[in-house]
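Have a go at each task before you read its solution.

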Amino acid sequence: MSSSSAPTTPSTETPGSVPYSPLRLLADCIVLGLTAWGGFMALLAQAQQRFVRQRGWVLEKDFLDLMALVTMLPGPQAVNALAVMGHRLGGWVGFAAALAGIVLPSFFIILALWWGYAALAGHPQLQRALMVGVLPPLAMILAQTAWNQSKKATPQPRDKALAVAAAIALLVLPFWSAPILVLASGGVIARLFWPAPPAAPAPTSPAMGPAQMLLCLVPAALAVFQFVPALLPQDVVARLGLAFAGIATTLFGGALVMVPLLEGLIVDHLGWLSHAGFTAGLAASQLTPGPIVGIATFTGMEIAGWGGALAATIGVYTPTAVIAVGVSHAADRLKGLRWFQHAMVGVRCAVVGLIAGAAITLWLKLPLSTAPIACAQLTAVALLLVFKFKQPPYVSIPVGMGLAWLLMG
C-alpha cells in the first residue's frame, strides 16, 4: 500500500483499465451497494473484480493489503475498505464518492422497509406473526456466521473455550454493556495467558504524521458516547448520530458483533426501540445488500424521521472510515504492534462467541411456551434454508415471515 497521504495515480497495468473520475467511482459503488449480497467478503470480492481487474484503478497487492487492514480496525469492514480506496484515488472527494455510493442504496431500501413496518401498526396480529417469522432465519444467519468465523478465529481448544465462555457471558450478564466487557476480557486473557504471535517484519512505511494521528484520534474519541451514554446531548438528532458513532468506533470483528451492542444500548438502555422494533430493524438490514449496521438508519427513522435516519447513518459509517484512512498510511506499523496482534487473538475469539450468543438470544425470543409446534416448524425450515440450502437472507427471511403468517396469523 502506498505510504503517501496524497491521492495515488490509478494503475494502468490492467488492459481494460478506464480513466478514474469521482462520478464513475460513485456510480460503481452504487452498483455494488445494490448487488453485493452475501456479507462483507462477497462485497470486497466484487469490488476487487471491478476496481482491480476491470477498471485497473488499484494494484492487486494494494487491494489485498487493504482487505487485511480493515479486519484489524473497528467499523463495517467493506465500507471502510472502499472509503480508503476512494481516498487514495481522489482524496476526500473520492472518499465521499465511495462512501456515499456504497451506503445510499441500503439507506433508501431500509427507509422503504421501515414504511412497510409502520404500515403494519394498524394490523397488530399480522405484525406479530411476521416479527415471529423473522426470528428463526435471523438466528440461523448469525449462527452460520459464527460457525464460519470459528474455523479461522478459534483453531485451538483454548480459542473455542474462550468463544463458548463469551457466548455464555453475553447470555447471563445482566447489563447492556456486557458485550464491551466480553470483548475487552478476550483481549486481556489472550495477552496475559496465551503465547504471543510471531514477530512481524520491520515496518517499511514512515511513522504516522500529526495529520494521520488526528484522523485516528478525533473519531476514536467518539467512543466515549458508547462507554458513557450519559454524555450524549439532549437534541435527539445529535444524540442519534453520536450514539451510533460511539458504537461503531468500538466495533471490532465485523458488523454482526454489533447486534448485542445495539440491542443493549438502543433497547435496554436508551429505550429508543422495543425488542420487536429492534428485530424488525435487524431484519430490514439483512434484506439489503449493505452492512447490518443499516439498522442505524431504521432506528433513526423510527425516532426522528428523515433527520434522525441521516444522522444515525452518518454516525455509524463516517468516523471509522476516517480512522481507516488515517491508519492506512502506516498499515504495516499496526501489523507490527505485537501486543496489539496478541490481544486481537482473544478479541476474535470473543467476537465468535458474541455472534453465537446473539443467535441464541434471538431464537429465545420466539413464543416457545405458547406456540411450541409452530416455533419448531419455523426453526426447522430456517435451519434447512440457511445451513442446508445456503439461501441468502432475501430468501430465508421472507419465507420465514410467510410461514409464520400461515401458522400464526
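**Exercise 1. Find the element that holds Val172, and decide whether Val172 is buried or exposed.**

Step 1. Val172 belongs to helix H6; helices (H or I, at least four residues) are DSSP runs, numbered from the N terminus.

Step 2. The relative accessible area of Val172 is 57%, so Val172 is exposed. The cut-offs are under 20% for buried, over 50% for exposed, and partly exposed in between (1.4 Å probe, protein chains only).

Keep in mind that this is a predicted model, where local features need pLDDT of at least 70 and side-chain atom pairs count only at pLDDT 80 or more, while totals for chains, interfaces and linings use all residues. Residues are numbered from 1 along each chain as its sequence is written, and side-chain values use heavy atoms, leaving out hydrogens and water.

**Exercise 2. Which residues make the nonpolar surface patch, and which helix gives the most to it?**

Step 1. Val164, Ile168, Leu171, Val172, Ile360, Trp363, Leu364 and Leu368 make a nonpolar surface patch of about 670 Å². Patch residues have over 30% relative accessible area and no salt bridge; like charges are joined within 9 Å, and nonpolar side chains (Val, Leu, Ile, Met, Phe, Trp, Tyr) within 5 Å. Accessible areas come from the Shrake-Rupley method with a 1.4 Å probe, and for residues only the protein chains shown count as cover.

Step 2. Helix H6 (157-172) and helix H15 (338-363) are the elements that give two or more residues to this patch.

Step 3. H6 gives the most, with 4 residues.

**Exercise 3. Trace the network of salt bridges that links Asp28, Arg50 and Arg55.**

Step 1. A salt bridge is a side-chain nitrogen of Lys or Arg within 4 Å of a carboxyl oxygen of Asp or Glu. The structure holds 5 of them.

Step 2. Arg50 and Asp28 meet at 3.2 Å, N to O. Arg50 lies in helix H2 (residues 40-54) and Asp28 in helix H1 (residues 22-35), so this pair ties together parts that are 22 residues apart in sequence.

Step 3. Asp28 also meets Arg55, at 2.8 Å. Arg55 sits in the loop between H2 and helix H3 (60-70), 27 residues from Asp28.

Step 4. Now check burial: Arg50 is buried at 18% relative accessible area, and Asp28 is buried at 3%. Arg55 is buried too.

**Exercise 4. Compare the two partners of the salt bridge between Lys61 and Asp65.**

Step 1. Their closest N and O atoms are 2.8 Å apart.

Step 2. Both lie in helix H3, 4 residues apart, about one turn of the helix.

Step 3. Lys61 is exposed at 55%, whereas Asp65 counts as buried at 18%.
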